Amino acid sequence: MKRLLKPKLMLPLLALTVFLTATGFKSDFFEIAKQVEIFTTLFKELNMNYVDETNPAALMDTAIKSMLDDLDPYTQFLNEQDVEAFKISNAGEYSGIGALVRSYKDKLVIVEPYKDYPADKAGLKAGDEIIKIGDISVADFKEDAGELLKGADNSKVTVTYKRQGEIGTAVIERESIDIDAVPFYRMADAQTGYIVLSRFNAKASEQTQKAMEDLKGQGAERLILDLRDNPGGLLSEAINVTNLFVPKGELIVTTKSKVKKFNQEYKTRKQPVDTEIPVVVLINGQSASASEIVSGGLQDLDRAVVMGARSFGKGLVQRPLQLTYGTQLKVTISRYYTPSGRCIQSLDYWNRDDQGNAVKNSDYREFKTKNGRVVTDGGGVVPDIAVRELGSNDLISALQGNQLIFDYATEYSYRNSYSNISEFKLPPETLKDFRAFVSKSDFSFETQTEKKLKEALTLQDEVVFTEAIESDFKSLLAKVEKQKFNAFDSNASEIEKLLEDEIVKRYFYREGLYEYYLDHDPSILAARELLGNTAKYRETLQ
C-alpha cells in the first residue's frame, strides 16, 4: 500500500514542482531544489521539536521577510493583512479613524488627524500617543497595532492616549475614509492654477484632470503641479497623468528586465487635455517612483520646467505576484527608463559596502532631452531650477529621522495659538528656540566626513599611519564634531521651512498648509514668478 504524504509536506513539494516548471529547468535548478528541501526539513523539525510551542505562520513570515531583506527594500512578502493594506493604498478607500499614525514598539503616535474625520471629531491631535486600544495594550500587541484602529463603518473603538504627560480616553466612531490623490487645488493668482498631487492611487489621473479643467475654467493660463512628498504608486496612473500634458502615442517609460515579457514600452493612449499650457512641476527629496516618472518624463520631453530639489531616485518597478492562501510577493521585476533613456535609480542594492549598505550611484551619465538639454541618470530627477529651502543634508535628515521637528511642533502648538491662517507667522526667535530644544535632547548625528575619517582610523595602514597622523585624524574628528552643529545657522532657511510646514498643520490642517503655501512657500512663489515671465520660461526649456 502506498504511503500518503501528509498535507503539510505536500504544499512545499507542490510549490517546488510549480517553481521548477516555471523556471524552465535552468542550470541551477538542482541547487534551488536542494535549498528548498533543506528549509522544508528544518521548518518541520523545528516546529516538532522546539522546547516551547511555536507559531508556524509567524516563523515563516519572519523567515521570508528576512530572506528578502538581502535584496532591495521594495521586494516584499505580503501576508493576508499586508495584501489588504496594499489594496487600500491603491484604491484610496478604507474604513477607520481617519488619521496618519506612526507605529512604535509600545505606542502609536498620531502624526496627522484628517480634518472632520473620526479622530479629529473625537478630539485627537498630532503628537497624541495611543497606548491602549479597547482592552489591548499597544506594548503587549505583537502585530501592527494600527490595524486595530480599522473596522466596519459606524463601529466604535475606545482609545487611551497620553498628551503632554496626561492620560485621556476617546471613543471614536469609524467611518469610510476617502483618500484623495488631489487633496487641494486652487488659483494661486489670476492666471496661475495650483494642483497638489499627493499620491498615485487609482484616482490620480481622473482627479488631476478634473482639477486641471476646473482651473482652466476659472481662467488659469498656466499651471503648477506639486509632487513634493509624493511617494509614488501606480505606474499606469503616472502614464495617464503625463498624458494630460502630452499627445497620444508619446513614449513615457521603457522597462527592462531579465525576464523578456517584462520588457515593455509605455506610451500615452488618450487625447491630452492641454499640450500648450505652461507647466512647472515641483519636486523634493521625497518625490519618488511614479512622481519621478511624471517629472522626469515631462522634463525629457521639454513639456514642463522642473523646480525644487533632487528627487528620491527610485527607478525600479514592482509587480504583485499571487501566491497561495491570499498572500502575494511584491517583487522588483525591472528598471524603468525615462524618454531620454536614463534610469534615475539612486541606490545600488546589488553592490553593497562593507557594512551591507546599498552604494549610492555617483557615476552619472549624460542624456539629452527632446530639445537637446543635458540631463543625468543615477541620482533621481535633478530640477531645472533648484530651490534652496527644499535642500537636505545629514543634519536635516537626522532632525527629521529623530522626529525632533515633529516633537518641537507638538510643544509649540500647546504654547501658542492662532485663530486664522492670515495672522500666522513664526516668531524670529523660533530657530534659536528650536536649537535649544534639540540641545536638551539626546540628539546626535554623524556626517559623511566623520564616517570616512572613522573608517580610515579603523583600516589604518601601519606603514604610513604613524602616531602623529593618528593624532591629527582624531584632532580633525574633534573639530568636525565641534563645528557640525554650526550647520543650524548655515541651513536656517531649510530648517525654518520644515518647522513652519509642521506647525501650520497643527492649527489649520493640511488644507490650511496648502492655502498658506500660495502666498508664502518659496517654491510656489518662484514658480509663479517664472510662469509670469514667458521669455524666461521658454528659455529654460531650450
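Trainee: Which residues is Thr 255 in contact with, leaving aside its neighbours within four places in sequence?
Mentor: Thr 255 is in contact with Phe 262, Asn 263, Gln 264, Tyr 266, Val 317, Ser 334, Arg 335 and Tyr 336. Contact means heavy atoms within 4.5 Å.

Trainee: How are the residues numbered, and what kind of model is this?
Mentor: Numbering starts from 1 along each chain as its sequence is written. The model is predicted, so local features need pLDDT of at least 70 and side-chain atom pairs count only at pLDDT 80 or more, while totals for chains, interfaces and linings use all residues; side-chain values use heavy atoms, with hydrogens and water left out.

Trainee: Is Thr 255 buried or exposed?
Mentor: Thr 255 is buried, at a relative accessible area of 3%. Buried means under 20% relative accessible area, exposed over 50%, and partly exposed in between, with a 1.4 Å probe and protein chains only.

Trainee: Where is Thr 255 found, and what does its side chain reach?
Mentor: Thr 255 is found in strand β13, residues 251-256. Its side chain reaches the backbone oxygen of Phe 262 at 2.8 Å. Helices (H or I, at least four residues) and strands (E, at least two) are DSSP runs, numbered from the N terminus.

Trainee: Turning to the sheet, in what order do the 6 strands stand?
Mentor: The order is β10-β11-β12-β15-β16-β23, in an open sheet with mixed pairing. β10 (184-187) and β23 (385-386) are at the edges with a single partner strand each, so one side of each is left without a neighbour in the sheet. Two strands pair if DSSP finds at least two bridges between them.

Trainee: In which sense do β15 and β16 pair?
Mentor: Strands β15 (residues 279-283) and β16 (residues 305-308) pair in the parallel sense over 4 bridges. Met 307 in β16 is the bridge partner of Leu 282.

Trainee: Which strands does helix α16 touch?
Mentor: Helix α16 (residues 522-531) packs on the sheet and touches β11 (192-196), β12, β15, β16 and β23. Its direction makes about 160° with that of β15. Axes are lines fitted to C-alpha atoms, for helices over the stretch in contact, and angles run from 0 to 180 degrees between N-to-C directions.

Trainee: And what is the phi of Asp 229?
Mentor: Asp 229 has a positive phi of about 65°, although it is not a glycine. Asp 229 lies in the loop between β12 and α7 (235-243), and its relative accessibility of 47% counts as partly exposed.

Notes:
A polar contact is a pair of N or O atoms within 3.5 Å; within protein, one must be able to donate a hydrogen and the other to accept it, and residues adjacent in sequence count only if both atoms are side-chain atoms.
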